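Please examine the sequence and the model before reading the notes.

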Amino acid sequence: MATLKDLRGDQPTWCPGCGHFSIMAGIQKSIISLGYEPHEFAIISGIGCSGKVSEYVRTNGYHTIHGRSIPVAQGAKMGNPDLKIIASGGDGDGYGIGLGHFVHASRRNIDMTYIVMDNNIYGLTKGQTSPRSEHGFVTKTTKDGNKEYPVDPISTSIANGATFVAQGFAGDIKQMNDIIARAIEHKGFAHVNIFSPCVTFNKVNTYDFYKEHLTKIEKPFTDRNEALATVRSHQGMVTGVLYEEERAHYQEKLGIDFDMQSCVSGKMNEELLRELELKFQ
Amino acid sequence: MRNSIEWMVGGQQGEGVDSTGELFAKTLVRYGYSVSTYKQFMSRIKGGHTNYKIKATKDRNYYSGDGIDILLCLDKETLPNSLDSLNEGALVIQEGKEAQVEGSQTSEGTVYTVFTVPLKQIAKDLGNPMSKNMIALGVSAALLELPIDILHGFIEEIFAKKGEEVITSNKQAVLKGYELTNAHVTNQVNALEVPKESKRLFISGNEATAFGSLMAGCRYLSAYPITPASEIMEWLADELPKVGGTVMQVEDEIAGLCFAIGASYSGTRAMTSTSGPGLSLKTEALGMAGMSEVPIVIVNSQRGGPSTGLPTKHEQSDLNQMIYGTHGEIPRIVLYPATIEDAFYVAAEAFNLADIYQCPVVVGLDLGLSMNKMTIPSFDPNRVAIDRGKLLTNEEAKNFNETHFKRYRFTEDGISPRPIPGMPNAVHTTSSNEHDESGYISEDPENRTNMMKKRLEKIKGAIIQEPFKFQTTADSSDMVLVGMGSTYGMIQEAAEQLNKEGMKVSHLHIQQLYPLPIDKLEPLLQGKQIVTVENNYNGQLLQLLKQNTPIHDRAKAITQYDGNPFTVKSIVKQVKELISWQL
């Protein structure tokens, strides 16, 4: 059985106190507690502080480009249906430059987990406003306060058909680890937004801020409208599994007997060639 | 008797011009002739003039031809638009109140005959107003003395689901066409010679590319619909599920490439297909494939650019984008088949090169090549064998005995053994950041320098079986006409004609644009006048050659960027102008 040591990759370079450490540990512990081995997973990350998690957790990893972890991750699942896939990114990566992919992944329902490390700011570029920054939030690029309103990620995934939607807090490790483990085991697109305070650049959305404002939801809704109403009535400041549904995932719905990986060096299949040529005669 | 025919149907989009042209082309193919087609169409669903051009010859041909022997006019625009293309003695079939025949002449002095037929009225009398195009096809087939059974056979296939009544009325319509020809224009009948026997396919460039990809083991395509590449996705959407693969139409062009890269990363031969605007959007992900050394095949069927440009017209202006597009410097291979037949083999080889060199391979096509059909020989399954390069099995990976497999191991040839995620003994990291051998981020200058060299030098030896085609006259030529893609047939015919007129012209058609096999090309270009023939403004192929070989004092480009393909006539004329310019 894998141990925490087996799942340690490159040495993390995040700032001391960063919420991302807890999320990384949550992924590692979930893989262990669920009884998986590192080789069964591929963690596919985008760009930003969050993107480095694919190197820090020692499973297979692919550090891709900004905003594109979800399409690469879905493709990886299509190419190798036996792989367990975790896509990961930050709020800028997933809800800014990559938002379109997130909406479509929600409605497509490919069997994978999408973990967003949400710190309401662009950290790696040293403190600019994010699509998750509150109205009035002051940053280097919004010196008079942010004039826009933040993206509501969990309402978005619930509204667009995701079959598992949860929100966690890096300061509540027990609940967060439970959420991550359940998301990994969910058959379908599982979206997990995790509040992960940026201790260097965000002096508003701190650990204390979240402790004060978050409300726990104990049981997932099975009705999207009820889930949405609850999220909205708390201005999104809820944690727990908010929505869960059992539904055939994308690859099951295709009903194809997948044979993606059998291509080996050697002769072309002449029988197949002649059969297909009939279409052109 | 004749051994070739140039035929065209023109009309308003949505009134069956395309299906009428396709049916006549197939009739000629089934008779046993070699056929090349060209479709003109507009970016709308209904309305607007469109036409379908066919050239059929007893011997193999590569070009749909400059001229027209039989012109079928389904609208009023067809004839005035086509007058310049009529061959001497052409027959024009047009709709009119009653059947009549009269002679006419173009302003250039070309004599032709107009055969007016009340197509609509006859179709109505037959009880099937939809059958008017069938009457016209019957007239066309009768003019060539084609056996009526061929068209009747197609009617039975096409209308099988519509019932006996529809089949009968359409068959009668064809018969009516034969009767009309015999009653009014018997003097115009000129039978096609009996063809040679051979097994052949009638296929478009898009279909051949998709077919070659499937045969090479590609099992996944993700793409976004775009003219003129969509048929690649559509054909594979039908065929891939039967062999355990799948096609996904994804949310945008960026996703089109990213999904395919993901599938390839996890071990499946994967591809995307697009056109210029899509390739523009894909260039960051193209860089990712280059940097992270993930094999991928990108088919780019070019159309009129820039921006939305001429979305349903032909152009060859993405050469620079295919070779240079993306920031930074990456390894890549750029191929561009010369003919529809080559598209099959080049596509198959693209997957091999992608796996062997672990880099993106761009297969360039153009609208002329993609959307038109040609008669070609049956494919040879032994010409391209599948080669997955340094892809490892788990057992092979196990022999490296590493806890964390070094995905970017330095090797002599710069190519690292590649495991697949999921293998128990090969957990590894793939990265688009600069990385060390283990795949972890590294900003160390020495590592950076070595990794850049590894990536950019590994493709130096990449070469396809037929990197170019070269035809020359018996004695050495004075001039080389250089082209790429669908200009193959026109340039070949132009060179033949010029040689007949006493010039010494050879024809070079390049199929591997990057890395350009310059050591093999240089001897062919030495001391010759070089003229590229290309469908873009800047002469991008000429620029590429000039960058690589010292031909600056004796090289020029013939360019055309009006949305239409070259004609043989225009190439010949411009080559002659260049010769006189030099004198």
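Predicted model: local features only at pLDDT ≥ 70, side-chain atom pairs only at ≥ 80, totals over all residues.

Residues are numbered from 1 along each chain as its sequence is written, and chains are lettered from A and ligands numbered from 1 in the order in which they are written. The model scores ipTM 0.98 and pTM 0.97.

**Confidence and annotation**

- Chain B has a mean pLDDT of 96, and 99% of its residues reach 70 or more; pLDDT is the predictor's confidence in each residue, from 0 to 100.
- In an unreviewed entry, UniProt lists residues 14-179 of chain B as "domain: Pyruvate/ketoisovalerate oxidoreductase catalytic". UniProt positions follow the numbering used here, feature names are shortened, and annotations may be inferred rather than shown by experiment.
- The span of residues 14-179 of chain B is 40% helix and 27% strand, and its end C-alpha atoms lie 28 Å apart. Helices (H or I, at least four residues) and strands (E, at least two) are DSSP runs, numbered from the N terminus.

**The contact between chain A and chain B**

- Chain B gives 59 residues to the contact and chain A gives 49 residues; two residues are in contact if their C-beta atoms, placed from the backbone, lie within 7 Å.
- Among the elements of chain B that give two or more residues to this side are strand 8 (200-204), helix 7 (205-215), helix 10 (276-292) and strand 16 (429-431).
- Helix 9 of chain B supplies the largest share of the side that touches chain A, with 10 residues.
- The residues on that side of chain B comprise 32 nonpolar, 19 polar and eight charged. Here Ala, Val, Leu, Ile, Met, Phe, Trp, Tyr, Cys and Pro count as nonpolar, Asp, Glu, Lys and Arg as charged, and the others, Gly among them, as polar.
- Strand 2 (residues 60-63) of chain A pairs with strand 16 of chain B in the parallel sense over three bridges; two strands pair if DSSP finds at least two bridges between them.
- Y62(A) stands opposite T430(B), which belongs to strand 16 of chain B.

**A sheet in chain B**

- Seven strands of chain B form an open sheet with mixed pairing, in the order 10-9-11-12-14-13-20.
- Strand 10 and strand 20 of chain B are the edge strands, each pairing on one side only.
- Within the sheet, strand 11 (residues 270-274) and strand 12 of chain B pair in the parallel sense over four bridges, and M271(B) stands opposite V297(B) in strand 12.

**Local backbone features**

- The peptide bond from G305(B) to P306(B) is cis, with omega near -5°, and P306(B) lies in the loop between strand 12 (296-302) and helix 11 (319-324) of chain B.
- S307(B), in the loop between strand 12 and helix 11 of chain B, has a positive phi of about 50° although it is not a glycine.
- S307(B) is exposed, with 8 other C-beta atoms within 10 Å. A residue is buried if 20 or more other C-beta atoms lie within 10 Å of its own, exposed if 12 or fewer, and partly exposed in between, with C-beta atoms placed from the backbone.
- A cis peptide bond also joins Y514(B) and P515(B), with omega about -10°; P515(B) is in the loop between strand 20 (512-514) and helix 17 (518-525) of chain B.
- In chain A, Q235(A) has a positive phi of about 50° without being a glycine, and Q235(A) counts as exposed, with 11 C-beta neighbours inside 10 Å.
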